[in-house]
Amino acid sequence: MAEEKGNRNLSFIQETVKQKRLYQSRIMHRLVWSAVSGALFALAALAVWLVAAPHLALQTEQPEVQPVTLPEPEEQPEETSEESTVYITEQVSIELEDYKKMYQQLMQVGGQAEKSLVNVLAVTTNTDWFDETYTSQSAVSGVIIEDNGMELLILTGYEKVEGSESLQVTFYDHSTASAVLKKYDRNTGLAVLSVNLSDISESTREIIAYADIGSSRNVRNGEPVIAVGSPGGYYGSILYGNLTSVSQTAGLYDGSYHVLTTDMVKSRSGSGILISWSGKIIGLIQEQHEVVGQIGTIQAYGISDIMEVIEHLSNNQDIVYMGITGADVTTAVSETEGIPIGVYVSDVAMDSPAIEAGIQPGDIITGISGQTVTNLKDITTILMKCSNEQNIQVICQRLNKTIYQELEMSVNLKILE
């Protein structure tokens, strides 16, 4: 019994000790928890990346605004010939079919130029005498100048788009897009509109063309030209004619611009461009400054004279003014009349920076901020490099009895509103 009892008390020693299974161990729990946490973190990071990646791609691929630099047209020197005059005595008959072929070719040239033109529709809301609101629309042609990587830039007349609440352009393929007024110059009456490139379809981009700019300094009196855009008062009209004058000028504030006159009858709402028979733009049709003796005919700014204005407006830069009109005092005039070389001030605009500074009619401007002034072109070039509210020092020669006295005046430049 005693032995039996002893064996019973020691029986636990004979039990087998079982080890915990691997998945029940504390170390395994920690490893599993770490793996699950890592997987959840990876999934969260992946989700964040999937959401943020498109936005990051848009930011990295966002195009930058590129400065617009218009190419300077090559000025061809006059051809001089020492050969004797040749007289043609042979008679050549021209048939109606020859005229037809010629005009077909001219239509093709005009049609090609139309790819760079747009029709701008400006919508304005006004109030009448009875305090009732009404909506009015006006249309004007525009020419596609260039793009800056984000916007398509269109040159047009400021008068027709001034104060408009919405602008819509129609391209050559009849597609439309909204436009905004980018910059304007009331002095010349020019304005640049912009259309977001993202608002223009790929098919339209493939069809439209940029302006093929020529030179207005190479043209001559009597040269044949084509007017395209809206010269007849409606978009898509084309007129054919000749230049009657290329030496006339329009006297604007602080400068002058050559005006090309034609024998083509002007419409009251005509607009567009003048092109040569080679299809290059030589002028921008304008109504703001009519040349005396040429009233009622199409007149255009010579494109070479307004290139700097176009480039400034396209780059969203202000164009400032002093407010003087005048004439060049050349060396010949200086020697004949006994007056200094410079710019003779014939008039000063009311409320202009020039009149506020004390510049008077009869003064002769000979310098601006350390730069010599010999003609109106010098003044225009200097002002193009100035900004709004900038002060410049203008040197004037003013006649005091019998001698000219030098005066220095501080002019605070402004934008012509």
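Two strands are said to pair if DSSP finds at least two bridges between them. Strands (E, at least two residues) and helices (H or I, at least four residues) are DSSP runs, numbered from the N terminus. This is a predicted model, in which local features need pLDDT of at least 70, side-chain atom pairs count only at pLDDT 80 or more, and totals for chains, interfaces and linings use all residues. Residues are numbered from 1 along each chain as its sequence is written, and side-chain values use heavy atoms, with hydrogens and water left out.

**Stop 1: the barrel.** Select β7, β8, β9, β12, β11 and β10, in that order: these six strands form a closed barrel with antiparallel pairing. From one strand to the next the twist averages 40°, where axes are lines fitted to C-alpha atoms and angles run from 0 to 180 degrees between N-to-C directions.

Which residue of β11 is the bridge partner of Leu274? The partner is Gly283.

Next take β12 (residues 297-302). Six of its six residues are buried, buried being under 20% relative accessible area with a 1.4 Å probe and protein chains only. β12 pairs with β11 in the antiparallel sense over three bridges, and Leu284 stands opposite Tyr301 in β12. Strand β9 (residues 255-265) is also antiparallel to β12, with four bridges; here Leu260 faces Ala300.

**Stop 2: around β6.** Select residues 190-196, strand β6, where six of the seven residues are buried. β3 (residues 151-157) pairs with β6 in the antiparallel sense over seven bridges, with Glu151 opposite Asn196. β5 (residues 176-185) runs antiparallel to β6 and is joined to it by five bridges; Leu181 stands opposite Leu193. In the hairpin of β5 and β6, four residues lie between the strands, and Gly189 takes a positive phi near 80°.

**Stop 3: helix α9.** Select residues 376-384. Buried residues in this helix are Leu376, Ile379, Thr380, Ile382, Leu383 and Met384. At the start of α9, a side-chain oxygen of Asn375 comes to within 3.2 Å of the backbone nitrogen of Lys377.

**Stop 4: cysteines.** Select Cys386, which is buried at a relative accessible area of 10%. Cys396 is buried too, at 0%. How many disulfides are there? The count is zero, a disulfide being a pair of cysteine sulfur atoms within 2.5 Å.

Methods
Buried means under 20% relative accessible area, exposed over 50%, partly exposed in between (1.4 Å probe, protein chains only). A polar contact is a pair of N or O atoms within 3.5 Å; within protein, one must be able to donate a hydrogen and the other to accept it, and residues adjacent in sequence count only if both atoms are side-chain atoms.
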